[in-house]
Amino acid sequence: MTTTQPRAVEEPRRQGAPVGTVHVYDPHPLNWLFITWNTMEEPVRTDHEGYTVLALAEAATWREDGSFEVKVRRGARFQDGTPCTAHNIKQNFDEVQRWAAPHPPGTYLNFHPDTECVVEDEQTCVFRFPVPDGLVMAKFRGFHIASPSFWHTHGFGYKKTGSGEGHW
């Protein structure tokens, strides 16, 4: 008779494959910020001295026509292994633009409602602003890019508020 417990046979893990689920309990009112900052990426970030540096963006430049070009870093992937492309930037932009108040810390982080994001290729998206916007880089610091599963699998996608259909 043995005194050891039977153990489940471990399945071989694929290199880089996501494993398990993280459950967070934090009653702090800014809990959503801490989770967002650690599970999503922004086109730009600030370094330890407060300077704006590129993060998800490989390049971010103004064009002569007043539009703003963002090139997604080559090889960027979400935590679930899904590639991150310019299409994801547009999806996140379009979803957040539907919100009445996307940035609770301040409306100065909101893009003008008539701003457009156009995908030129897998790596390049272009933002077209109806009026000049000197806070674009600051807004990109608060513009979080989530994987497609965030919007669909986890119930964050929605139809028009009050429609009684879909999520929220």
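A salt bridge is counted here where a side-chain nitrogen of Lys or Arg lies within 4 Å of a carboxyl oxygen of Asp or Glu, and by that criterion the structure holds 8 salt bridges. The structure is a predicted model, in which local features need pLDDT of at least 70 and side-chain atom pairs count only at pLDDT 80 or more, whereas totals for chains, interfaces and linings use all residues. Residues are numbered from 1 along each chain as its sequence is written, and side-chain values use heavy atoms, with hydrogens and water left out.

**View 1. Confidence along the chain.** The pLDDT, the predictor's confidence in each residue on a scale from 0 to 100, averages 79 over the protein chain, and 71% of the residues score at least 70. Over residues 157–168 the pLDDT is below 50, and this stretch has 17 contacts in the model beyond near neighbours in sequence, a contact being heavy atoms within 4.5 Å. Where pLDDT is low, the predicted coordinates should not be read in detail.

**View 2. Salt bridges of R63.** R63 forms a salt bridge with E69, the closest N and O atoms being 2.6 Å apart, and another with E120, for which the corresponding distance is 2.8 Å. Buried means under 20% relative accessible area, exposed over 50%, and partly exposed in between (1.4 Å probe, protein chains only). E69 is buried at 15%, while R63 is partly exposed at 25% and E120 is partly exposed at 41%.

**View 3. A network of salt bridges.** E41, E42, R45 and R141 are linked in a network of salt bridges. Within this group, the side chains of E41 and R45 meet at 2.7 Å, N to O. E41 counts as partly exposed at 28% relative accessibility, and R45 likewise counts as partly exposed, at 23%.

View 4. Helix α2 (residues 86–97) has 12 residues and reaches 16 Å from its first C-alpha to its last, close to the 16 Å expected at 1.5 Å a residue, where the expected span is 1.5 Å times one less than the number of residues. T85 caps the N-terminal end of α2, with a side-chain oxygen 3.2 Å from the backbone nitrogen of H87. The buried residues of α2 include A86, I89 and F93. N92, which also lies in this helix, counts as buried at 0% relative accessibility, and N92 touches F143, H144, I145, A146 and W151, not counting residues up to four places away in sequence.

Terms used: Helices (H or I, at least four residues) and strands (E, at least two) are DSSP runs, numbered from the N terminus. A polar contact is a pair of N or O atoms within 3.5 Å; within protein, one must be able to donate a hydrogen and the other to accept it, and residues adjacent in sequence count only if both atoms are side-chain atoms.
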